[in-house]
Amino acid sequence: MNDRESPAQRRGEPVLVGRERELDTIVGGLVQLGRRQGAKPVVVEGAPGVGKTALLQTSAVRAADLGWAVGHGSVRSQRLCSAAYGALADSVAQLVAWRPGSREAASLADEVERQAAASAREAAPGDEGWSGPFTDLLAAAAQLADDHHRGIVLCLDDLQLASGDELAEIIEAAGSISEAGFPATLLGARRAGGAACAAAEGLVLQPLDAEATTALVVSLAPREAWTDGALARIAELAGGYPMLVRAYAGAALRRGRTPVDASEVDAGRADADRALCAELLGAEPAQLPGPQRRMLQSIVGLGGHQVPVAEAARDLGASRSFGPPTYLADVDALVERGAVVRSAGDLVSITFPFVARAVIDQR
Ligand SMILES: Nc1ncnc2c1ncn2[C@@H]1O[C@H](COP(=O)(O)OP(=O)(O)O)[C@@H](O)[C@H]1O
Ligand SMILES: [Mg+2]
């Protein structure tokens, strides 16, 4: 890519570097689907900050450019009893907006509302009748698309927040509709480490390589603004995570001295660490609820890597005062925030060094 500005940039969309292969896979699947060849739903998987949402958004733009109708929903934005269903309904509701005046759109809108009300009354996935809403809703949307449009793509973000049952239901419903010959598919994203799902094509997002990392830094300020030392330092701190690249490069740039060298990157690091914590955890460590904060401190204090949960709790004295269920809920909350990952044998590790540094700084 030698163009100074891509068409996406000219339209004001953020640049997406180093994801050509993934975009080709996704767009290739759409082309196949457009030929009525059926295609499995694709679920993008990866660590927080690796670029799942960005890839979903850029894929959606590509799909729209190809004439597909695209709807978005995020499980994160849902507060209803069936979060995944709510996200799906949101994305379908956006499709309705695409032909606002039409009779089909109006009946689909009614269908969305009817199904959402039915789903809100239902207790849980797995109950009798549960699978109905997803399938009916997708089928109604797919029928609409089949009649009037190239096809539909439903983008559903943050699927790790859906229950395993809901995720399986939604993916199976989407898969069966595309298999039945309707040009409708689901493009999802979720954190790595969820249960395997055979009905979907998992697309694992790896951190960016060195070349793409540099391209991302240079998209923030021209190459002349960075010394080689600064590029190397950012790459080292960021480990290929676009979220981190942007934070460390951005903090160094804000210091206002160009060309930026490695010492400027280091000088901006503590600020960047704090901002990253706020972005990842939804709060700086000091602002976390007390028990979660103490649990996080305890895990960091024990080295932060493969720490037995029980040991972290013992360190806190939590086992005496609260008993296991309470501290396990705190660990779960930290996992959901993305602060720690939990592995087999009930071991926990801090996800990113910046989390540990921010916890230590705050003591
Ligand atoms: N390939 C990429 N090129 C440029 N910026 C990216 C890329 N991937 C992610 N970003 C940016 O990095 C940040 C984190 O990405 P995001 O998609 O939110 O991660 P995730 O959804 O995996 O947590 C966002 O600001 C996003 O715009
Ligand atoms: Mg995301």
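Me: Two residues are in contact if their C-beta atoms, placed from the backbone, lie within 7 Å. Which residues is V359 in contact with, leaving aside its neighbours within four places in sequence?

Reply: This is a predicted model. In it, V359 is in contact with P285, L296, Q297 and V300, once neighbours within four places are set aside. V359 itself lies in helix α16, residues 353-362.

Me: What makes V359 buried or exposed?

Reply: The cut-off for buried is 20 or more other C-beta atoms within 10 Å. V359 has 25, so V359 is buried.

Me: How far apart are V359 and R274, in sequence and in space?

Reply: They are 85 residues apart in sequence. From C-alpha to C-alpha the separation is 9.5 Å.

Me: Why is L281 called buried?

Reply: L281 has 22 C-beta neighbours inside 10 Å.

Me: What does L281 touch, not counting residues up to four places away in sequence?

Reply: L281 touches L288, R337, G338 and A339. Take G338: it is 57 residues from L281 in sequence, with 6.4 Å between the two C-alpha atoms.

Me: Is L66 buried, exposed or partly exposed, and what makes it so?

Reply: L66 has 15 other C-beta atoms within 10 Å. Exposed means 12 or fewer, and buried means 20 or more. The count falls in between, so L66 is partly exposed. L66 sits in the loop between α3 and β2 (69-74).

Me: What makes D158 stand out in its phi?

Reply: D158 has a positive phi of about 60°, although it is not a glycine. Most residues other than glycine have a negative phi. D158 is in the loop between β3 and α7 (164-179). With 22 C-beta neighbours inside 10 Å, D158 passes the cut-off of 20 and counts as buried.

Me: What is the phi of Q306, and is Q306 buried or exposed?

Reply: Q306 also has a positive phi, of about 50°, and is not a glycine. Q306 has 11 C-beta neighbours inside 10 Å. The limit for exposed is 12 or fewer, so Q306 counts as exposed. Q306 lies in the loop between α12 (290-301) and β6.

Me: How do you know whether the peptide bond from T258 to P259 is cis or trans?

Reply: Omega is near -5°, and the bond is cis. P259 is in the loop between α10 and α11.

Me: Why are the buried residues of α13 said to line one face?

Reply: In α13, residues 309-316, the buried residues are V309, A312, A313 and L316. Seen down the axis of α13, they fall within an arc of 95°, so they line one face of the helix. An α-helix has 3.6 residues a turn, so residues three or four places apart point the same way.

Me: What makes strand β4 largely enclosed?

Reply: Of the 8 residues of β4 (184-191), 7 are buried, so the rest of the structure largely encloses this strand. β4 pairs in parallel with β1 (42-46) over 5 bridges. There, V44 stands opposite A189. β4 also runs parallel to β3 (152-157), joined by 5 bridges. In that pairing C155 stands opposite L187.

Me: Why do β6 and β7 count as edges?

Reply: The open sheet of 3 strands has the order β6-β8-β7, with antiparallel pairing. β6 (307-308) and β7 (340-343) each have a single partner strand, so one side of each has no neighbour in the sheet. β7 and β8 (347-350) pair over 4 bridges. V340 has I350 as its bridge partner in β8.

Me: How do you know which domains supply the shell around ligand 1?

Reply: The shell draws at least three residues from each of domain 1 (7-204) and domain 2 (210-281). Helices α3 (52-65) and α10 (242-254) each supply at least two. The shell holds 18 residues, of which G51, K52, T53, A54 and P242 come nearest. By class, 10 are nonpolar, 5 polar and 3 charged.

Key
Residues numbered from 1 in each chain as written. Chains lettered and ligands numbered in written order. Predicted model: local features only at pLDDT ≥ 70, side-chain atom pairs only at ≥ 80, totals over all residues. Near = placed C-beta within 6 Å. Nonpolar A, V, L, I, M, F, W, Y, C, P; charged D, E, K, R; others polar. Domains from an automatic or database assignment. Arc of directions from axis to C-beta. Pairing = 2+ DSSP bridges.
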